[in-house]
There are 4 protein chains.
Amino acid sequence: MFFASDNAGPMRPEVARALMDADSGHARPYGADALMDEVRAQLRETFEAPEAAVYLVATGTAANALALATLTQPWQTVFCTPLAHIQVDECHAPEFYTGGAKLTLVGEEDKMTSDQLRAAIDACAQGDVHCSQRGPVQITQVTEMGRVYSLDELRALTAVAKDYGLPTFMDGARFANACVALGCSPAEMSWRAGVDALSFGGTKNGCAGVEAVIFFDPRHAWEFELRRKRGAHLFSKHRYLSAQMRGYLADDTWRSAAEAANAKAARLVAGLRDLPDFTLLAEPQANMIFATLPRRTHRRLHDAGAVYGLWGTLEGDDDEPIMMRLVCDWSIGDDQIDAFVAAAGD
Amino acid sequence: MFFASDNAGPMRPEVARALMDADSGHARPYGADALMDEVRAQLRETFEAPEAAVYLVATGTAANALALATLTQPWQTVFCTPLAHIQVDECHAPEFYTGGAKLTLVGEEDKMTSDQLRAAIDACAQGDVHCSQRGPVQITQVTEMGRVYSLDELRALTAVAKDYGLPTFMDGARFANACVALGCSPAEMSWRAGVDALSFGGTKNGCAGVEAVIFFDPRHAWEFELRRKRGAHLFSKHRYLSAQMRGYLADDTWRSAAEAANAKAARLVAGLRDLPDFTLLAEPQANMIFATLPRRTHRRLHDAGAVYGLWGTLEGDDDEPIMMRLVCDWSIGDDQIDAFVAAAGD
Amino acid sequence: MFFASDNAGPMRPEVARALMDADSGHARPYGADALMDEVRAQLRETFEAPEAAVYLVATGTAANALALATLTQPWQTVFCTPLAHIQVDECHAPEFYTGGAKLTLVGEEDKMTSDQLRAAIDACAQGDVHCSQRGPVQITQVTEMGRVYSLDELRALTAVAKDYGLPTFMDGARFANACVALGCSPAEMSWRAGVDALSFGGTKNGCAGVEAVIFFDPRHAWEFELRRKRGAHLFSKHRYLSAQMRGYLADDTWRSAAEAANAKAARLVAGLRDLPDFTLLAEPQANMIFATLPRRTHRRLHDAGAVYGLWGTLEGDDDEPIMMRLVCDWSIGDDQIDAFVAAAGD
Amino acid sequence: MFFASDNAGPMRPEVARALMDADSGHARPYGADALMDEVRAQLRETFEAPEAAVYLVATGTAANALALATLTQPWQTVFCTPLAHIQVDECHAPEFYTGGAKLTLVGEEDKMTSDQLRAAIDACAQGDVHCSQRGPVQITQVTEMGRVYSLDELRALTAVAKDYGLPTFMDGARFANACVALGCSPAEMSWRAGVDALSFGGTKNGCAGVEAVIFFDPRHAWEFELRRKRGAHLFSKHRYLSAQMRGYLADDTWRSAAEAANAKAARLVAGLRDLPDFTLLAEPQANMIFATLPRRTHRRLHDAGAVYGLWGTLEGDDDEPIMMRLVCDWSIGDDQIDAFVAAAGD
């Protein structure tokens, strides 16, 4: 009963197979492998962006930090939410890679509105050498609380960014889950909605460790390549990244894996929703559930072997609600979901 | 006929098998996987170092840059050779990760002597706030020209470092090949020879992408962990790094793969040695050959489909010798070696 | 009628005289001047801290950034208020000098309470490699809104820091004004109150450009010296910094200049206090006044040639209050103060 | 008898007077002082460069590091000589400010030829993501060994830089001394000779602490301003920098001070030249002398109270020559020079 994160499951079979298929003979290193040529074409086709600059790295933090560094000057500030992964979970990788940029926290928790964004940008006095200068707008889609910006919301945010001449970067660690939730195409959720660059996550959705970084404006290409190497994120045996991404893109594996994960989370929510004392903190839209349950229920789940994110301790008043995060990856079994629901409802 | 590098071959079957074996069910992320516990124990046993702090990263440059940054202050200089990988091939990753340390170039090409090292350290005036301060000594083993420091040479270098209170870091991207060449144990070639920290390379010797970083003094552990995360080199699905290293360590796969690679290179040298106009630039000791051949021979090899490192161009005087680098990985076929020799000798 | 800042007035005569007295013959460079020996002794005596490490730099931002960098690891966060100078007015100098540390904003506007500080530190999960690690507590005294922490408040804040093993740094750009406001000694307002390091500002209080940095724990000395040189803040003709500080310390010039400045501000407040529609935003305790007046009054003052900080524009509704910052340096004439009050009251 | 450096003398009277003249009333801070407007116009006129972007900082290292950082990407290398001040004497300030650029050492000691420069640039493979990328050419004029590049030499170097599209930066800490030595105008020795940016030193030539940074291409202006503030090198009481530079520029004080210094050095050389066992290491062209004398002579000079740079120790064989550096600033008295010569010749 592993619901702690979607970074803990195995590879999707299509991905594992592609990885093994790539494992023979010699291949040119450092991204010059023939597989990468295929991946580049596939990604451009998937995103309907024939000119896009496309790269692979192995971790989501690398994708975020390297892409943001390419878009941000050290004296600029990145506009993001208080719960943004880049703010909360990356041990200052953005600050390190940008050479000391700031993050300006906009909105509440995991989402910002276009009005909040405009106010935050306005509050950042441009042209005053003492102050942070305005930098990129960063949006996480699916958000860190499991919510999904609608296309209208995205367009409103990027429109504000464009008003000020600022680029928009999307942390798409769960891009696929959001796409599935919105029922839209990758292009609709990215450049057609005004996004300038994004990460397209594979790791949480059936790969072993691969993320694509996509710049719709290819002028960033060479700088990104230098930053990637300087950050030690250029793989010599790059084919093993390429292969994962190839398996992930072929036959829309990325989409079917995300459909599976979202469906699992829906099944879990459906099972929990009617429990007394179960309270959702946000209506789940993709594959993450933030909710509270009484501590006694947590203890029961814990004793039953369930693993999940918990804010607070098991010790304390039985009736007191505490907060949990439940994430479903594509591989979690329906039996485990049902067992979890059963244990919670006991 | 791929002799361009040992970073282009496939996984050793034992490694690929371990990777696939690990690919089921859920595993705790970020290095908390049970496999990493096994790897940690294996590495400590392999190095006879029960207290060592042991970590995995995916690239050799990450191993070098993160380990050096842990050992170096930004105002210090690292003593290394002019051809050191950290100087020549890492796009300033060491400077980036250390926050602006310098590299002081010691010796000729790929090797330094203890006298040269002592002179270089002496020339670096300690206690003068204007100057670079003395930092770690960096040794690459196998060197970038394919040579191997003897244990006596290593001990002489680390003895100088210790005279000045400086740590020694070994870039062991080809540690296994050197160990095999010297016929010694990992402990003999590391801490028993005075080395304080090292990378133990897997990628070039049968893994897909994994390097161990080992600090014999565990006080560096927590700082290294923070630096690894901040550098975006901590894998969420860490088990896929652990699994590779586990397959690499089990049954001394690392040793048998290196034995194979070194033997392949020996076969290649034996075949080339008697060619007229073949000149070795250094007597090969592991799996790399640096030599010159006349340009006409290069053209013939090139036409035959051979791939290898070349300093210079194919265009020009037929008789003029130009420089080549030939590297054998464990997987290169004897038939390919023989075909190469035949084409060279035509 | 210059009330925009205390960084715009001339040198206190004692300081100017010391500067000119130092201007003859040759003096050893880079802080080895004999004057610096005197300054070091004077500062240690002034702070009753015979072991303190004591340095001079030329700007307040240099003092803050270099001292914080000495106390902060790149993966740590500095606890400061939302209006802290280091957050608002230093163009990322703290991030640059620390190598990418964060600032965690505590309290409201310019002050934090010990409870707020404790909560903020608690919220910063220690030992989780993904998160910011806890770093120094930064206090500005006089605050950026012109308020002064009482000795009790200071002690409460540093006690919290000590509970967590964190150092406290005081931005003392207006240390002298605060000391005068509290009627206490430099030692009482620094190490006796639990402060570990501070800047002791001269520039805003009668010098041309000099700030002392003081570490009560001298183990930071050599690192600070290296950081100062690496930051290009070590003066070759250091005697011109030493001389200013010598004139500033001799005969408690620092104190008499601050007494003058605080008294000027008190005179100004007294004159304005009875104006209808004059509202203080904080009760001034030192030499800065934050207040609102109706826009019509601003226009009148502006037309009369008064210069001061203004949040908002002169254009708009006559009756609407807008916010102003009035700062008195030691040199502002009583006639100018009275003229200002008269113009405001017209 | 102070010949250790030209960073140890007093202010030129014209400079001291300008400083004191500026010391009354209030002046706008942070470079908005009216004096800076005058200085800007004066510098542009002096350099016949009406569009140049012109800034002041207080140290030579700040001028070098900030200007180079503006011209250099972190993955680029700066071409300079092995004895360049930025390589030898700035405690990694260039690496710090550039975010980890390298310095590639060209030529012997303090000078490079255009052929050497071309070879070094050629050796830096462009477009290979693993390698240092080509960055600015840095020239020190007067060199660190007291030599002066001729205008022809300068033009040859900058022509090579332009061939590769690289900017040229001149460290002009002793720009005035070189100008006087060559008998040329500031424009001839800078932009007319192909120099793109430079520092124009005041500190070593009669100021207390001020250096101008000049970009002939004003597009660098805003970035430089941000870098200066972020580096904590923007003075609040900027008028005290402006005033020095104003006094330095008015009536060509910079030139007369340098003429004095160069003449002093010529007098000193003339006195020493005929001593038996006196050997010049380079024919002095400006105000610095590098030479050897037997150790017994050094002892005598030392006992007589002479202060100068010495490579080696006083202890040892009487007859052995050791190396000294003698620098004359404008203020050194003829009596001191003559006393030095007398002591040396005893």
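**Chain and domain interfaces in the predicted model**

Of the interface residues of chain A, 100% are also interface residues in chain C, so the two copies meet through the same surface (contact: heavy atoms within 4.5 Å). The structure is a predicted model, in which local features need pLDDT of at least 70 and side-chain atom pairs count only at pLDDT 80 or more, whereas totals for chains, interfaces and linings use all residues. Residues are numbered from 1 along each chain as its sequence is written, chains are lettered from A and ligands numbered from 1 in the order in which they are written, and side-chain values use heavy atoms, with hydrogens and water left out.

The contact between chain A and chain C involves 20 residues of chain A and 20 residues of chain C. About 1,400 Å² is buried between chain A and chain C, with 47% of this area given by carbon and sulfur atoms; buried area is the accessible area (1.4 Å probe) that two parts lose on being put together, summed over both. Cys91(A), His92(A) and Lys102(A) supply 43% of the area that chain A buries against chain C, more than any other three residues. Two salt bridges are counted between chain A and chain C, a salt bridge being a side-chain nitrogen of Lys or Arg within 4 Å of a carboxyl oxygen of Asp or Glu. The side chains of Glu95(A) and Lys102(C) form a salt bridge, at 2.5 Å from N to O.

Between chain A and chain C there are also 14 residue pairs in polar contact, both residues at pLDDT 80 or more. A polar contact is a pair of N or O atoms within 3.5 Å; within protein, one must be able to donate a hydrogen and the other to accept it, and residues adjacent in sequence count only if both atoms are side-chain atoms. Strand S2 (76–80), helix H4 (85–88) and strand S3 (102–105) of chain A each supply at least two residues of the side that touches chain C. Helices (H or I, at least four residues) and strands (E, at least two) are DSSP runs, numbered from the N terminus. The largest share of this side of chain A, three residues, comes from H4(A). By class, the side of chain A that touches chain C has nine nonpolar, seven polar and four charged residues; Ala, Val, Leu, Ile, Met, Phe, Trp, Tyr, Cys and Pro count as nonpolar, Asp, Glu, Lys and Arg as charged, and the others, Gly among them, as polar.

The same surface serves both copies, as 100% of the contact residues of chain B recur in chain A. This contact takes 49 residues from each of chain B and chain A, and the two chains bury about 4,100 Å² between them, 62% of it on carbon and sulfur atoms. In chain B, His26(B), Phe96(B) and Lys237(B) lose the most area to chain A, together 20% of what that side buries. The count between chain B and chain A is zero for salt bridges and 30 for residue pairs in polar contact. Helices H1 (13–21), H3 (60–71), H5 (93–98), H9 (221–230) and H10 (239–249) of chain B each supply at least two residues of the side that touches chain A. The residues of that side divide into 25 nonpolar, 14 polar and 10 charged.

Within chain A, an automatic or database domain assignment gives domain 1 (13–253) and domain 2 (257–345). The centres of these domains of chain A, taken over C-alpha atoms, are separated by 29 Å. In chain A, 16 residues of domain 1 are in contact with 14 residues of domain 2, and the area buried between the two domains is about 1,300 Å², of which carbon and sulfur atoms give 60%.
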